[in-house]
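Here is a quick briefing for anyone meeting this structure for the first time. Have a look at the model, then read on for how its parts meet.

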Amino acid sequence: MGPHLVPKRVYYTIFAALLVLTVVTVIVAFIDLGPFNNLIAMTIAVAKATLVVLYFMHVRYSGKLTWVFAGAGFVWLIILFVFLLNDYLTREAWSNLLTGHP
Amino acid sequence: MATAVFRPFEHQIADPDEVPKKHYLNAGFSAKSWLLTVDHKRIAILYLITVTLFFLIGGLFAVFVRLELMTPAADLMQSETYNKMFTMHGIMMVFFFLIPAIPAILGNFLVPLMIGARDLAFPRINLLSWYIYMIGGVFTFAAVLFGGVDTGWTFYTPYSSTYSNTNVILAAVGIFITGFSSILTGLNFIVTIHKMRAPGMTWFRMPLFIWAHYATSLIQVLGTPVVAITIVLVGLERLFHIGIFDPAVGGDPLLFQHLFWFYSHPAVYIMVLPAMGVMSELITCFSRKKIFGYEFVAFSSLAIAVISFLVWGHHMFTTGQSIYAGMVFSFLSFLVAIPSAIKVFNWTATLYKGSVSYQAPMLYAIGFIGLFTVGGLTGMFLSTLAVDVHVHDTYFIVAHFHYIMVGGTIMAYLGGLHFWWPKITGRLYPEGWSRFAALVVFVGFNLTFFPQFVLGYLGMPRRYHVYPEEFQVLNVLSSAGATILGVGYLIPLIYFIWSLKSGPRASANPWSATGLEWQTTSPPPTHNFDKTPVVTGDAYDYAKFARENAKAEEATLV
Amino acid sequence: MSEHHPALAHHFEDLDQQFEAAGLGMWAFLVQEILFFGGLFAAYLVYRMSYPEAFIQGSHYLDITLGGVNTAILICSSLTMALAVFYGQQGNRRQLILFLFLTIVLGAAFLGIKAVEYTHKYHEHLIPGPMFHPEEAHPPQMQIFFALYFAMTGMHALHMVIGIGILVFLIYQARQGRYSVEYNSPIEIFGLYWHFVDIVWIFLFPLLYLIGRH
């Protein structure tokens, strides 16, 4: 037994995909898509990260426990972000609502 | 052949042939065999000694605080000095005592034993954890020696990052380093519990002490790094004025508080969850009964670990976060009380119709139930936005968290230390003195901290050493209580040390307890078990003693 | 008769259990790394939302070419690291050492370019603090952009330096013949760390270099 031996061509394919996605993200940055620029940039980054995690870090071939560990880290990061935004996004709006001041 | 009727606690003193000749304590006497050990049990002893040292240092600062508070005026020390006293009391107690104590001492010693393993998953990382703890301790103690820190253990910006003239960086570096000790211990426990359980030890056959330490370890790994990077940012701000918390360039001091409390609230559960794990072991043994609602207690530990990350803003109700965020945090803070309450109900239900006896471990455990309940209920008051606005930054808060940390965690720590002392050292401590000390601790504790609820509600602010004259009586009561509490802590220190040389030698299972740790000698051999145990039944099978008694009686009748 | 591989630690039953434990241990460590960097990303999130114009202006001072090249370099280094693991699993010592070495070279190149960038920033008076003195008119909050730029890329660079140090150690161990088909887990375990550091940069690049470029 032992770790799964991933064929080299998988690595080369992922490598090429990562480079392509990098070029795409740079090109798209120069095109004005309004609010979608941020979304697309982050989506591409998440896609690249996912490829690295699944194939270079072998999570695709690993047991459920590894998936849970990897996932937990990102979930906790989301918790931090969401609850921070919960404060920062509502500071002015709510105090205006409650005090009646604009 | 069936033996005579079994009575619990009957066989506490070891027969001469029961005393193990070779065990982990006499496996080597050189400094190297201790300082380069990878044996989890020896590492636990290293922690025991050094954690106790930091506890005494933190206690010394408390003495200065309570001494100054005997009088309304500032007649013992200046404001700046007093600020340093409560700051260093907090730092020492939180980071160097409460967070490591139960996990690094009892957890390190017992986790492998309880799951039938030979050691933790990463013994060398375990030793590294201790060295990291010590290095962090040296830095923080250096901060003390070079004139102290006065920011409060909470290091709020911009005072800590810009205006304080004390040794903030030294203390911050010390805490940063020690944080990694906590992370590595948690990492070690998580992998050990997943991968190294003995054959037959399924998740739901594990002692609840293990569930509690697993949940604690989750918090250690997920929370500590955030406070670590936050401390780095404070250091960068202080050294290089990068502006991250400086309102003049748009920095938000509140961001520090968010990032700080993201860890520091779950941290209080790092402090209390292991204590709850100890509780489940003590209550069952001294009621001779299996725990009521095993799965509920197990899952409540996980629930506490998860929900604890969602409530941190309740430390910031009055500091300027949005009212909406306050409401969300308030609601979630009510939620986090539920799993804690479940535990208290289940321990109480375990006592019901149990065969209860009152040795020292049980006295501490029962004390925990009462005092933790008070601490927890007052936490509900504080989760209520309107009440918190009134009592925030008063002695009500101080009383609340001391009821949990001291009335809860320290009581459970002492109970656990007493319970497992025979296993760890192979010696019995004096029963009479231990019960007396437990009562002294209970009385001293309540006298110290109950008046503080009243003081806080009446409006005495925390971190002040000058107060209106009408508060003096309550303050004097509190200081008197602290003296009694100190005596209560001193007594076990003395008889534990005494027992090492002169205590009767303990049998393998002086408490007639269930659990794999009691299936090996007192003290255990270095490799824990002569043969890897195979587990066939649930934890807390105290009923087996009654079953065996019934069989023995049948045999005698024949 | 069970063979007792010299690399098997006494508290494990077999090499499989040891490898699985080591993998889980590294993942647990990476989880804390996610939260460690996560604190910086959280600060970034809050401040970029609060001061979008200041961040756009700050980002324009960064060199997309250098940043893009560095991104490509790190992606290459992840490939060489994955191949090092591949050859390590096959017991091919020569190729293992070659690809570990290539990973070091690429990592060093990355750090070299970062050193160039940091030097530029220094000469342009963009180091946050009392010396912060960009030539153009700018909102004061632009200093926070640079505080985060240096904190995040600096922390990332520190992790790269540590990674290169460990790579040197791995090459040394490989030359001593420590790794084989049966026992090569340290390479794979370290690979997880190296890929993680790459992932951090995958997020840093667009967040720092590509703001408001249209």
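Which residue forms a salt bridge with B:Arg435? The partner is B:Glu431, and the closest N and O atoms of the two are 2.7 Å apart. Keep in mind that this is a predicted model. The points below start with that pair, then move on to the places where chains meet.

- B:Arg435 and B:Glu431 both sit in helix α15 of chain B, which covers residues 431-458.
- They are four residues apart in that helix, which is about one turn.
- B:Arg435 has a relative accessible area of 33%, so it counts as partly exposed.
- B:Glu431 is also partly exposed, at 26% relative accessibility.

**Salt bridges overall**

- Over all chains, the count comes to ten salt bridges.

**Where chain A meets chain B through a charged pair**

- A:Arg91 and B:Asp252 meet through their side chains in a salt bridge, with 3.2 Å from N to O.
- A:Arg91 belongs to helix α4 of chain A (residues 91-99), while B:Asp252 is in the loop between α8 and α9 of chain B, so this pair links two chains.

**Where chain B meets chain C**

- On this interface, 37 residues of chain B are in contact with 34 residues of chain C.
- Chain B and chain C bury about 2,800 Å² between them, and carbon and sulfur atoms give 73% of that.
- On the chain B side, B:Arg118, B:Lys195 and B:Ile229 lose the most area to chain C, and together they make up 20% of what that side buries.
- How many salt bridges are there between chain B and chain C? The count is two.
- One of the bridges pairs B:Arg118 with C:Glu13, whose closest N and O atoms are 3.5 Å apart.
- Three helices of chain B, α7 (168-195), α8 (208-240) and α9 (253-287), each supply at least two residues of the side that touches chain C.
- Of the elements on that side, α8(B) gives the most, with ten residues.
- Sorted by class, the side of chain B that touches chain C has 28 nonpolar, five polar and four charged residues.

**A closer look at B:Lys195 and C:Glu20**

- B:Lys195 forms a salt bridge with C:Glu20, and here the closest N and O atoms are 2.6 Å apart.
- B:Lys195 is in helix α7 of chain B and C:Glu20 is in helix α1 of chain C, so this pair also joins two chains.
- Both ends are partly exposed: B:Lys195 at 23% relative accessibility, and C:Glu20 at 37%.

**Where chain C meets chain A**

- This contact takes 45 residues from chain C and 48 residues from chain A.
- The area buried between chain C and chain A is about 4,100 Å², with 83% of it on carbon and sulfur atoms.
- C:Trp27, C:Ile75 and C:His214 supply 15% of the area that chain C buries against chain A, more than any other three residues.
- In chain C, helices α1 (15-50), α3 (64-90) and α6 (185-209) each supply at least two residues of the side that touches chain A.
- The element that gives the most to that side is α1(C), with 17 residues.
- By class, the side of chain C that touches chain A has 32 nonpolar, eight polar and five charged residues.

**Cysteines**

- A disulfide is a covalent bond between the sulfur atoms of two cysteines.
- Searching the whole structure turns up zero disulfides over all chains.
- B:Cys285 counts as buried at 0% relative accessibility, whereas C:Cys76 is partly exposed at 24%.

Conventions: Residues numbered from 1 in each chain as written. Chains lettered and ligands numbered in written order. Predicted model: local features only at pLDDT ≥ 70, side-chain atom pairs only at ≥ 80, totals over all residues. Heavy atoms only, no water. Contact = heavy atoms within 4.5 Å. Buried area = accessible area lost by both parts, 1.4 Å probe. Salt bridge = Lys/Arg side-chain N within 4 Å of Asp/Glu carboxyl O. Nonpolar A, V, L, I, M, F, W, Y, C, P; charged D, E, K, R; others polar. Disulfide = S-S within 2.5 Å. Buried < 20%, exposed > 50% of the residue type's maximum accessible area, 1.4 Å probe, protein only.
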